[in-house]
Amino acid sequence: MIALNEISKTYGNVSALKRVNLEIHSGEIFAIIGNSGAGKTTLLKIISMLETDFSGKYMFKGLEARKNPEKVRKQVTMVFQNPVMFRASVFDNVAYGLRIRGVNGRELRERVESILESLGILSLADKNARKLSGGQRQRVAVARALVMDVDVYTLDEPTANLDAENVRIIERAISDMRDDGKTIILATHNLFQAKRLADRTAYIENGEVIEVGETDRLFESPEDERTRRFVEGDHYF
Ligand SMILES: Nc1ncnc2c1ncn2[C@@H]1O[C@H](COP(=O)(O)OP(=O)(O)OP(=O)(O)O)[C@@H](O)[C@H]1O
Ligand SMILES: [Mg+2]
């Protein structure tokens with residue numbers, strides 16, 4: 001589905017990603033873990049082709065992403081770490097992407113309402129999206145992505161700073177997405193979340209992929225000393 005080959009990214013003299021090689025399979029939940037500044041968001045932006053200035057080769061479903069950025073963007077939707085709401089109702093925030101693709105009327109209403117319902121925010125449909133709590137806003141951001149019904153989702157810290165109930169709702173939505181055959185790439189600080197959700201996990205440190213593997217194996221018997229320190233360290237929060 002996704003093959004990254006020697007992907008590097010620099011911002012000025014900061015090396016955000018260093019020769020990253022990764023394959024992500026269709027239908028899996030793939031977690032990217034690592035400390036703040038490790039390069040997780042940068043990697044998700046490249047996968048989503050929202051950042052196109054990088055070196056190396058990125059193949060998406062057999063196509064070279066750099067030559068087909070629009071095709072990638074149509075099939076990949078990113079949920080940002082700090083989602084921005086339009087100054088409009090929750091309904092309109094979620095409907096926006098469908099409207100620009102020409103969906104309207106009853107189909108639009110039904111699709112939006114069913115997603116709002118699944119995330120427990122149907123009762124907020126008419127509320128101004130700028131006036132939501134953090135957890136509500138994060139659920140709207142997930143709803144906005146889900147309603148697009150694309151093949152691949154990149155989720156950047158989708159539950160950072162949320163309470164247990166919001167985490168539970170969003171994690172359930174993520175595993176339902178996988179059950180629907182979606183491919184999910186999830187950046188998270190939360191190691192427990194990677195353990196609960198991900199089929200495979202990559203640990204990145206200073207822009208470098210240190211280790212990739214089945215999630216259980218990576219946590220239980222890391223092969224690299226740096227991975228071991230990270231998963232056994234006091235990074236749990
Ligand atoms: N637009 C930018 N301009 C300059 N430097 C940037 C930019 N975006 C990211 N960086 C740098 O690239 C590196 C990787 O950043 P990135 O946001 O990918 O990390 P992250 O793993 O997502 O961190 P966090 O867990 O804090 O979200 C950091 O050193 C960061 O300062
Ligand atoms: Mg980040």
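Start at ligand 1: the residues of its shell split into 4 nonpolar, 7 polar and 1 charged (nonpolar means Ala, Val, Leu, Ile, Met, Phe, Trp, Tyr, Cys and Pro; charged means Asp, Glu, Lys and Arg; the others, Gly among them, are polar). A quick word before you click on: this is a predicted model, where local features need pLDDT of at least 70 and side-chain atom pairs count only at pLDDT 80 or more, while totals for chains, interfaces and linings use all residues. Residues are numbered from 1 along each chain as its sequence is written, with chains lettered from A and ligands numbered from 1 in the order in which they are written.

**Stop 1: around the ligand**

Select Tyr-11, Val-14, Ala-16, Gly-34, Ser-36, Gly-37, Ala-38, Gly-39, Lys-40, Thr-41, Thr-42 and Gln-81, and you have what surrounds ligand 1 (a residue is near a molecule if its C-beta atom, placed from the backbone, lies within 6 Å of it). Now colour strand E2 (14-24) and helix H1 (40-47), the elements that give two or more residues to this shell. H1 supplies the largest share, 3 residues. Helices here are DSSP runs (H or I) of at least four residues and strands (E) of at least two, numbered from the N terminus.

**Stop 2: zoom out**

**Stop 3: H3 on H5**

Next, pick helix H3 (residues 90-100) and helix H5 (residues 134-146), which pack at about 30° with their axes 8 Å apart. Axes are lines fitted to C-alpha atoms, for helices over the stretch in contact, and angles run from 0 to 180 degrees between N-to-C directions. That angle makes H3 roughly parallel to H5 (under 35 degrees is roughly parallel, over 145 roughly antiparallel, 65 to 115 roughly perpendicular, and the rest oblique). For the contact, show Val-90, Asn-93, Val-94 and Gly-97 of H3 with Val-140, Ala-143 and Arg-144 of H5 (in contact means C-beta atoms, placed from the backbone, within 7 Å).

**Stop 4: H5 on H6**

Gly-135, Gln-138, Arg-139, Val-142 and Leu-146 of H5 touch Asn-166, Ile-169, Ile-170, Ala-173 and Met-177 of H6. By class, that is 6 nonpolar, 3 polar and 1 charged.

**Stop 5: H3 on H4**

Finally, go back to H3 and select helix H4 (residues 105-118); their axes come within 10 Å and cross at roughly 130°. That makes H3 oblique to H4. Look for Phe-91, Val-94, Ala-95, Leu-98 and Arg-99 in H3 meeting Leu-108, Arg-111, Val-112, Ile-115 and Leu-116 in H4. This contact has 8 nonpolar, no polar and 2 charged residues.

Key
Two residues are in contact if their C-beta atoms, placed from the backbone, lie within 7 Å.
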